[in-house]
Amino acid sequence: LLLCALKPSLGPQGPATTLSEKGRAFLGAIPILVVILLTIGGIYTGWGEAGMPTLSVGHVSLPATAAIVVTAMIFAPLGVAAAHKLSPALLKRIFGLYLIFVGVTMLT
């Protein structure tokens with residue numbers, strides 16, 4: 001990848017993209033960058049702090065991180081498949097009900 005960045009002729013010719021398309025692609029990567037920065041911040045602020053649970057790096061629990069990653073890897077494709085099969089109106093209703101449920105749960 002680095003060699004192709006330095007000398008583009010080494011890689012295959014890809015489709016031409018506009019600056020607008022590149023900007024939208026970058027905006028899609030911002031949440032990933034935020035998660036990475038927050039994780040680094042959690043590690044930094046908790047590093048060397050007494051009383052941290054075992055198997056944690058700073059304020060980041062490694063077992064919880066592993067569970068979240070595995071669960072996301074299993075259920076993300078299922079969610080995408082379900083979203084493509086459902087109508088947009090039904091999907092909006094389901095998401096609205098989910099938000100109401102989360103809001104009520106947070107208030108109680």
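The model is predicted: local features need pLDDT of at least 70, side-chain atom pairs count only at pLDDT 80 or more, and totals for chains, interfaces and linings use all residues. Residues are numbered from 1 along each chain as its sequence is written, and side-chain values use heavy atoms, without hydrogens and water.

Start with confidence. pLDDT is the predictor's confidence in each residue, from 0 to 100. Its mean over the protein is 92. A value of 70 or more is reached by 99% of the residues. Among the elements, helix α1 (residues 2–6) has the lowest mean, 84. Helix α4 (residues 88–107) has the highest, 96. Helices (H or I, at least four residues) and strands (E, at least two) are DSSP runs, numbered from the N terminus.

Now follow helix α2, residues 19–46. Its 28 residues reach 40 Å from the first C-alpha to the last. That is close to the 40 Å expected at 1.5 Å a residue. The expected span is 1.5 Å times one less than the number of residues. α2 bends by about 30° at Ala 29. A bend is the angle between axes fitted to the seven residues ending at a residue and the seven starting there. Just after α2, Gly 48 takes a positive phi of about 80°.

Next, look at the surface. Phe 26, Leu 27, Ile 30, Ile 32, Leu 33, Val 34, Ile 36, Leu 37, Leu 38 and Ile 40 form a nonpolar patch there. Together they have about 970 Å² of accessible area, from the Shrake-Rupley method with a 1.4 Å probe; for residues, only the protein chains shown count as cover. Like charges are joined within 9 Å, and nonpolar side chains (Val, Leu, Ile, Met, Phe, Trp, Tyr) within 5 Å. Phe 26 lies in α2.

Leu 55 sits in the loop between α2 and β1 (56–57). Its phi is positive, near 60°. Most residues other than glycine have a negative phi.

Helix α3 (residues 62–85) also bends by about 30°, at Phe 75. Pro 77 follows within four residues.

Finally, Leu 99 lies in helix α4. The C-alpha atoms of Leu 99 and Gly 42 are separated by 27 Å.

Notes. Patches are made of residues with over 30% relative accessible area and no salt bridge: like charges are joined within 9 Å, nonpolar side chains (Val, Leu, Ile, Met, Phe, Trp, Tyr) within 5 Å. A salt bridge is a side-chain nitrogen of Lys or Arg within 4 Å of a carboxyl oxygen of Asp or Glu.
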